[in-house]
Amino acid sequence: MAAAALLVPGWASAQQAPQLNLQRIKLSTGMYVIDAQVALTPEQRQTGLMLRKNMPQHEGMLFVFEQAGEQCFWMKNTLLPLTAAFVADDGTIVNMADMKPETTDSHCSVKPVRYVLEMNKGWFAKKGIKPGSKLSGPVFEAQR
């Protein structure tokens, strides 16, 4: 997931099971509801969706960073093809990136953001959601 994983000695080899028990929140965009796990801590963000073999179509993971910055993601040890939506504080999708499983290609936000929502690859496209679309949910209302 994040390049920071390279900086933690032994971390990648210690990760043996997907994280499935993170706090969840409901997000929405238009008529679509997303059940999102929330990755808040550096460890939760580093692990992300690694080692998950499947994920229901309405589920995703919301990565929450302490402050806005250029956020870059990769897919090392991630088995599912995903799309990352880089999201501004008000819930506006800034840009998106389709990501291939088990690669170290870097996918970055085009401007500083605090949120990244990962969904199964193609979920956003099938719903007509693209940059400029808005997400809503408690995390974004708190920023208004």
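Is leucine 51 buried, partly exposed or exposed? In this predicted model, leucine 51 has a relative accessible area of 24%. Because buried means under 20% and exposed over 50%, leucine 51 is partly exposed. The residue sits in the loop between α2 (42-47) and β3 (59-69). Although leucine 51 is not a glycine, its phi is positive, at about 65°.

Glutamate 102 also has a positive phi, near 55°, and is a residue other than glycine. Its place is the loop between β6 (93-99) and β7 (107-108). Glutamate 102 counts as exposed, because its relative accessibility is 55% and the class begins over 50%.

| Residue | Phi | Relative accessibility |
|---|---|---|
| Leucine 51 | about 65° | 24% |
| Glutamate 102 | near 55° | 55% |

Glutamine 44 is part of helix α2. Beyond the residues up to four places away in sequence, glutamine 44 touches Gln19, Leu22, Val38 and Ala39. Its C-alpha atom is separated by 8.5 Å from that of phenylalanine 63, a residue 19 residues apart from it along the chain.

Valine 64 is found in strand β3. With 12% relative accessibility, valine 64 counts as buried, because the limit for that class is under 20%. With neighbours within four places in sequence left aside, valine 64 is in contact with Val38, Ala39, Leu40, Arg45, Arg114 and Tyr115. For one of these, valine 38, the C-alpha to C-alpha distance to valine 64 is 7.2 Å, and the two are 26 residues apart in sequence.

Technical notes
Residues numbered from 1 in each chain as written. Predicted model: local features only at pLDDT ≥ 70, side-chain atom pairs only at ≥ 80, totals over all residues. Heavy atoms only, no water. Helix = DSSP H or I, 4+ residues; strand = E, 2+ residues; numbered from the N terminus. Buried < 20%, exposed > 50% of the residue type's maximum accessible area, 1.4 Å probe, protein only. Contact = heavy atoms within 4.5 Å.
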